[in-house]
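User: I would like to learn how to read a structure like this one, feature by feature. Could you take me through it, giving the general idea before the particular case?

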Amino acid sequence: MDIKLQRLDNCRWLVPKTGAMRVPGLIFSNDELIKMLKSDQSLVQVSNVASLPGIVGHSLAMPDIHWGYGFPIGGVAAFDLEEGIISPGGVGYDINCGCRLMTTLLTDEDVRPRIKETVSALFSDIPTGVGSTGAIRLTKSEEAKVASEGAAWAVKKGFGSIEDLDRTEDRGTLQGADPSVLSERAIKRGSDQLGTLGSGNHFLEIQSVEHIYDQDTASAFGLFKGQVTVLIHTGSRGFGHQICDDFLKEMSSYVTTHSIKLPDRQLACAPVKSSLGRRYLAAMACAANYAWANRQILMDRTEEALLKALSISPRELGMRLLYDVCHNIAKIEKHPLEGKTVKLCVHRKGATRSLPAGHPLLPAIYRNWGQPVLIPGDMGTRSYVLAGNEGAATGSFLSACHGAGRLLSRTQAVKMARGRSINRELANKGIYVQSRGRSTLKEEMPDAYKDVSQVVQVVHDAGLARKVALLKPMGVIKG
Amino acid sequence: MTIKKPRYELLDHTADMGMAVNSSGLQELFKQAAAAMLDIILENPPKGKGRKIRVSLEGADLTDLMVRWLGEILYMLQGDGLVVTDIEFEHLTSVSLRAVAQTVPFKPGIHIIRHEIKAVTYHQSLVSQDGTGWKTKIIFDM
């Protein structure tokens, strides 16, 4: 399919409504990033999503858009609750994959001389890798509590503090979770993976704040130049994968029996108001809560590992949660549409929620500043902290990008890395990395990703979120 | 009959990875696809006999059946810790299959994982037949 794009301005491109599209597509991008989309099928995916029943506004894509399966990665789509659908493929297998950023009272000079021991301690204490299991074994009834309560369960069990919930999207508990709708397979896979990082693009990174763009907001977020921060990127592990898989198969049968025509089977869906749609939302919320509990536990483990590696007290470390955001989710949210405020089912597949200052869902600590929007880059360059802006409320269903976005496939990346030591290249940049999988570093090398600075600049220029701080990696653990 | 060393082509996908498998017969295609997926996941997939698992599945068509079939093989590894080493089909049509899978336990540290496949997707997946035999193309979520 040949997609003709119309350039609206320096950060917006329209995909005109053609064929089966019910709404136009809108891509946030710049002249350089948009060229990279010509070689993959992500534009077709934007168009496919635009053809789904009940979609409203535009089929949106953030500047880190790349070819996914069904929905593009970086896609945002909102659906009417009466006429619209919910699609597990619009959330993804790693339900509530997300990022959590912690600040410390340490500075670059405190940690850099001991970065190897510090990374080794984290690598040894935090389970990483494919199918990694943690020290926590959940009984079925306890797992149901995790699925219902999310981060609040972890806090009750002594992982972190109650204040952390204020600094977590939805306070770490997505309402409507119902563990009774889960399969035995999902329950089994969730029983031993809590408190684990996983593999692939998941990581834990020690960083330092290299640059502040917005001093007032940075101060409100507790950030200062030279400060050491820790970023965790992981999700709901096998528990979420299984829930997505279970419901995709069920919805695949549903679309067949209900003669729903789809351009891609991975877009299998059911009406939001149907029994199947509601069951998926209840199961998805369980996985979202599992992921928040997972990141809450990992934060606690990180603190313990850092205290041990650096031989310092909790007061000296001063670790505090800045914010935790999810970027694979579907939520029922209120948005302005055609002059009215309506409830919509918003899918964010590789997109971060971005609430502007004053939004009622913001905790008091951030109400004057906007929601922290955490954008990891690749492990060799930089990550960003942004703050939600008003443009997201009117232009993107309160969404911004979620990362740099892949540029190369894994096989292309491995080919490009042939004969190179990615570990050494990163070490030369002052970044010490430990990883579990043999090919992980090559597949995840910096060249495999787009330039996160360009992606973030588009989000900033489009008014979806504004730049607050730039974080440089100094140590990374990966699965 | 054991599964032959799988011959497959890796397909490029920006975020994920896919495979293309060809075979002269339909049963062999389903076997080869399972073996190819395990070959993507594991370095030197193990051989041998152990616990037998019965699989019974229905699908809307052959492509749906293939996605569900590979999903079962993947769950045996990820959920039950079992690596499929051989498959005997009792029944395979365009909408249903019955098979017995021979498995051995997955042993962390001995069996090396090279890629994590999170799931078998429907995206661009296809089972088709032409003059030369059967083909399937599958995209995995990595």
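Analyst: Gladly, and please keep in mind throughout that this is a predicted model. We can begin with pairing: strands of a sheet pair through backbone hydrogen bonds, either parallel or antiparallel. In chain B, β4(B) and strand β6 (residues 96–105) run antiparallel and are joined by seven bridges, and B:Ile53 stands opposite B:Ala101 in β6(B).

User: What is the order of the strands in the open sheet that includes β4 and β6 of chain B?

Analyst: The order is β4-β6-β5 in chain B, an open sheet of three strands with antiparallel pairing. The edge strands are β4 (52–58) and β5 (82–92) of chain B, each of which pairs on one side only, and the twist from one strand to the next averages 25°.

User: Which helix lies across these strands of chain B?

Analyst: Helix α2 (residues 62–78) of chain B lies across β4, β5 and β6 of that chain, and its direction runs at about 150° to β4(B).

User: Which strands of chain B pair with β10(B)?

Analyst: Strand β2 (residues 17–23) of chain B pairs with strand β10 (residues 133–141) of chain B in the antiparallel sense, over seven bridges; within this pair, B:Met17 has B:Phe140 as its bridge partner. Strand β8 (residues 119–120) of chain B is also antiparallel to β10(B), with two bridges, and here the bridge partner of B:Val120 is B:Phe140. Finally, β9(B) and β10(B) form a hairpin, with two residues between them.

User: How many strands are in the open sheet of chain A that has mixed pairing?

Analyst: That sheet has seven strands, in the order β1-β2-β3-β4-β5-β13-β12 of chain A. The edges are held by β1 (6–9) and β12 (328–337) of chain A, each with a single partner strand, so one side of each has no neighbour in the sheet. The twist averages 25° from one strand to the next. At one end of the order, β12(A) pairs with strand β13 (residues 340–349) of chain A in the antiparallel sense, over 10 bridges, and A:His335 has A:Val342 as its bridge partner in β13(A). Helix α2 (residues 42–49) of chain A packs on the sheet, where it touches β2 (12–15), β3 (25–28), β4 (55–66) and β5 (73–80) of chain A, and its direction makes about 160° with that of β4(A).

User: Which residues have a positive phi although they are not glycine?

Analyst: One of them is A:Arg237, whose phi is near 55°; this residue belongs to helix α10 of chain A. Since a residue counts as buried when 20 or more other C-beta atoms lie within 10 Å of its own, A:Arg237 is buried, because 31 lie within that distance. Another is A:Leu398, also with phi near 55°, in the loop between α13 (390–395) and β17 (399–400) of chain A; with 27 other C-beta atoms within 10 Å, A:Leu398 is buried as well.

User: Where do the nonpolar residues gather, and which have the most contacts inside the largest core?

Analyst: In soluble globular proteins, nonpolar side chains tend to be buried together. Here the largest nonpolar core has 200 residues, and those with the most contacts inside it are A:Ile243, A:Met284, A:Leu386, A:Val459, B:Met37 and B:Leu70. Helix α11 (residues 275–310) of chain A supplies the largest share of this core, 18 residues. Leaving aside residues up to four places away in sequence, B:Leu70 touches B:Ala33, B:Ala34, B:Met37, B:Val120 and B:Ile138.

User: How many residues does each chain give to the contact between chain A and chain B?

Analyst: Chain B gives 25 residues and chain A gives 35. On the side of chain B, the elements that give two or more residues are β1 (8–12), α2 and β10, and α2(B) gives the most, with five. By class, that side has 10 nonpolar, seven polar and eight charged residues.

Key
Residues are numbered from 1 along each chain as its sequence is written. Chains are lettered from A and ligands numbered from 1 in the order in which they are written. This is a predicted model: local features need pLDDT of at least 70, side-chain atom pairs count only at pLDDT 80 or more; totals for chains, interfaces and linings use all residues. Two strands pair if DSSP finds at least two bridges between them. Helices (H or I, at least four residues) and strands (E, at least two) are DSSP runs, numbered from the N terminus. Axes are lines fitted to C-alpha atoms, for helices over the stretch in contact, and angles run from 0 to 180 degrees between N-to-C directions. Two residues are in contact if their C-beta atoms, placed from the backbone, lie within 7 Å. Ala, Val, Leu, Ile, Met, Phe, Trp, Tyr, Cys and Pro count as nonpolar, Asp, Glu, Lys and Arg as charged, and the others, Gly among them, as polar. A nonpolar core is a set of buried Ala, Val, Leu, Ile, Met, Phe, Trp, Tyr and Cys residues joined through C-beta atoms within 7 Å. A residue is buried if 20 or more other C-beta atoms lie within 10 Å of its own, exposed if 12 or fewer, and partly exposed in between; C-beta atoms are placed from the backbone.
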